[in-house]
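Hello,

Here is the model we talked about handing over. Please open it first, then read my notes below.

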Amino acid sequence: MESSLELLQRTGHAARFGFATGEFSPESDAVLGATVVGLAALTGWNVYLKLRQHRLFANEGAPAPLLRAVRRVDEADSSLASEGRAAGPVLEWMDIADSTVLAQARTRVASSAASETGAKGGPGESFEERVLSSVAKAQAYGRDRSELSIIRSVVGLGTDLALVASGAMPAIWAAASQAVRAVMGPNDAGMLGDVARGVAFMGALSLVESVADWPLQLYSSFVVEQRHGFNRQTLALWAQDQLKSLAIGAAIGGPVVAGLVAILSVGGPRLPLYLWGGLATASVLGNLAYPLLIQPAFNTLEQLPAGPPRAAIEELAIAQGFSSKDIVVADGSLRSSHSNAFVIGLGPVQRITLFDSLLAHASLDETVAVVAHELGHWKLGHTLMLLGASLTQLGLMLGAYGAAAAYDELPQAAGFAAGEAPPIARLQLFLSLGLAPLTPVVGFAVALMTRTLEYQADAFAVDQGYAAPLSRALVKMSVENLSTPWVDPLYSAYFFSHPALVERLAAIEQRDARRASADVSPASPSSPSSRTGGAPDGGVLSRPCYRFEISADASRATECEVIVVVGHKADLASAFDKLSRLTDGTSALLTAMIADTPAPSAAPVVRETFMGSRYLPAYCVAVAKAFPMYSRKSGAGARASRRTAITLVPSGAGVTEEALDAVRSVCASARIAAALVDAPASELHTDAFVDIALKVAADSKATSTTVIRGVELRDRGFGGLWGVGKAATHLPALVVLEHRPAAAAADAPSICLVGKGIVYDTGGLSIKSKDGMPGMKRDMGGAAAVLGAFRTLSDDVSLTRPVYAILCLAENSVSDVAMRPDDILYMYSGKTVEVNNTDAEGRLVMADGAAYAAKHLNPGAIIDIATLTGAQGVATGRHFAALYTNNPTLESTVPAIGRATGELCHALPYCPEFFNAEFASAVADMKNSVADRANAQSSCAGQFVGAHIEPFVSTPGNSWLHVDMAYPSFVGARATGYGVALLAGVVRHLSAPAE
């Protein structure tokens, strides 16, 4: 075998090393020139983009989308602080007694707290102030990194040119060949020798490139990163990491190169396919090996200790079908304070990894939001998509190599003699230099794909209810990492695998807004209901099966099938008889509930008895309830239903247009409430209910809206609402709508309406029977009534007190994370509850909702309404709701309001001292179900709610009214919309000036 010098002399490159002279062929000179020009052009393109970004580091302040997100962080932190709940980083408060990694991380964070830049700031400083103060630091950090990046580009060009134009590659090949000959002797011939030379050549080439980059790595870590407070590694640790990288590279790369050399020796027309198969296998194995072999070589990994963070992440992972409980924390802060987390879910290898630096900066809900984003990548198949894209790109590159392998100009330009370049060197040259002109195109395509996937993962997290904590986490991590808020779009589109912060925040804000707008119906493709059989026509309230109109003008009723004249009993009798035939008797059952007069019948009546307008709402609401909105019938039956309309024509004096407007509003709202109750949980799950509530709020011009959903409920202490709903696919939510009338004084005590919204009640682990479960879609009737009443009251200009609607939405489902008997819940009131019956769930969600109202909404009156107990039907019957109140005046007044509005009710015994003992617990403040089921169960259920607002209830002047409407909420298979008219009447009574 020839020596290195002999090879250099023969190939004409010896002169470049000062050994001898030689000549190039014109073709190789042309290719060499084109290669140099191509590399220079590519470097120029990179430098141009970096200079575009570099100029933005002179900007001051922060972009508007970032400031909006920052202000939301401040609002959330203030809200948590007002509730006495810290929003501090997880590492500050979690129990780390069993974790060496986290204990060391806490020590590192504490030791560098004085000098570390980031989001912590000084005492009393708002997050917005901290962000604005960090922008200048981020710009300085970005400027330093940008300058280093430009230098890297130029140095990289020099290295590439040196390898090509100097003839270094043939020299490296010759040196590798000599080394193999020295080791193997005459045995270096054949396949084994070729493999050894190929491995030695690629190893030496990789070593040269690595060593050439070491000076810039040292400068980056120990000058730039050190200057800005990120570098925490010592020089010895850096050197150790370099040696580890080389060793791992040799351990993994050696076999890969050996395999490639063996495949290249086969040759033939299928060579590209064989190469692709070998490299694809290596790529898949590398992905599988990373968490098991590579990462542990650089980071100490420990299981995340038991506690709230682990429980929250496990619940989230299980809900998404990620079965592995391998949740580890890595000591990333040993080297850097940059935050990170990632999920690996490829085949049998599944793991969630959190860097300790993330736990050092993010609160619990922010940490879980980051994990939700990473789980989104897994759930949406992004890992496999990226792997597939990478393998496709590799296949195209190798296909191009197969077509160009026969051409010898590029190897000759690199210094190899004609036909003497080894196959592995040809492949290396083609992949690194031959495809260089395509780098910008590939760069844009890859960045576009990865950025798209990041947007999708963000959207996934938003759809799980993590919009606010994800935005906060991104902002905090950006501030902690000193990421510049000013990004050139062209630079970002080419170099950034993730969208810039301001781009992500804007996308999250838009996604969250669409979820809350009417444009995202419960059945749209972007809504969760599309995965659970949502309505095909746009939502629960679309395609009403009956039209309905109330008019004082009989001439407008010419096209209607039914005209109901509200006046004489005979008129009513005739009209109701026709209604009964039209609606299969439903109206007869409904109208039996109205007013304090005998039910309409065909019996003779005194026609001179004039009813006037006093009970107009009762009559109109009763008729409205006979014509429901919700239907999913198909074919001729549906078409016939939609042709039916009715008009109510009041007769007699005293019926004003204003009175008709009020009646129209309450009738429409009652029909909407009934439609919601009629809808199945496959359409009206909690997310869909939130969307509808926000649409009603927007149409009603609500003063404000608040939505607390998903794990944010747990993190903010709503233990009852979270415990009941955490097992469902669609997580629980608390919706708060505010209507502040123009006539309301600034300090006027509010009237709070709290509605139970269990969209489906299986009973939980205390599961209902096959006969007891059907119809449990109606268990959200209280929330539907509250929403309908809020819609009606928002039109009432006579109100003098603020009105709040609090919807407690959850699905009482069954899964491996479901609430269990014997669990202890930490309620929003501060009380603890031992669960002894998971089917007594309504009082749990209502207690949290009422406690929220008592704490934050300045109430003078709290009215909660629920389909709470089967015992209500025993106590007050099918047509009368049960009342439980601390106010004797309301105890007598509300039934009269019920008669006037057509929604009958009757008082239950109010005696807390008799009922509180039913909930005694040995281990908690109370249980959630009674000990003696014969002791006024409906009163006891109401008292459970009252116990959680006890300070409010016992304060003189405060009114609390509990309404149990389990049986009046439906007749047969249809909902009645019960509660809308009653609640509206009670609120108007409470808001009326005292006489």
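**Charges over rings**

Arg-778 sits over the face of Phe-970, 4.0 Å from the ring centre. Lys-855 lies over the face of Tyr-828, at 4.6 Å from the ring centre. The rule here: NZ of Lys or CZ of Arg must be within 6 Å of the ring centre and within 35 degrees of the ring normal.

This is a predicted model: local features need pLDDT of at least 70, side-chain atom pairs count only at pLDDT 80 or more, and totals for chains, interfaces and linings use all residues. Residues are numbered from 1 along each chain as its sequence is written, and side-chain values use heavy atoms, with hydrogens and water left out.

**Aromatic pairs**

Rings of Phe, Tyr and Trp (its six-membered ring) pair if their centres lie within 6.5 Å; planes under 30 degrees apart count as stacked, over 60 as edge-to-face and the rest as tilted. By this rule the count comes to 16 aromatic pairs.

Take Trp-173 and Phe-201. Their ring centres are 5.6 Å apart and their planes stand at 75 degrees, so the pair is edge-to-face. Trp-173 lies in helix H7 (residues 168-184) and Phe-201 in helix H8 (residues 190-227), so the pair ties together parts 28 residues apart in sequence. Helices (H or I, at least four residues) and strands (E, at least two) are DSSP runs, numbered from the N terminus. Trp-173 counts as buried at 15% relative accessibility. Phe-201 is buried too, at 0%. Buried means under 20% relative accessible area, exposed over 50%, partly exposed in between (1.4 Å probe, protein chains only).

Phe-322 and Trp-378 also pair edge-to-face: 5.0 Å centre to centre, 85 degrees between the planes. Phe-322 is in the loop between helix H11 (308-319) and strand S2 (327-330), and Trp-378 is in helix H13 (residues 364-379), 56 residues apart. Both are buried.

Ring pairs also link Tyr-884, Tyr-910, Phe-915 and Trp-960 into a cluster.

**Annotated site**

Which residues does the UniProt annotation "active site" cover? Glu-374 and Asp-458, according to an unreviewed entry. UniProt positions are given in the numbering used here, feature names are shortened, and annotations may be inferred rather than shown by experiment. The two are spread over 85 residues of sequence, yet they cluster in space, with a largest C-alpha distance of 8.7 Å.

Glu-374 lies in helix H13 and is buried at 16% relative accessibility. Beyond its neighbours within four places in sequence, Glu-374 is in contact (heavy atoms within 4.5 Å) with Ala-341, Phe-342 and Val-343.

Asp-458 lies in helix H17 (residues 439-463) and is buried, at 2%.

Best wishes
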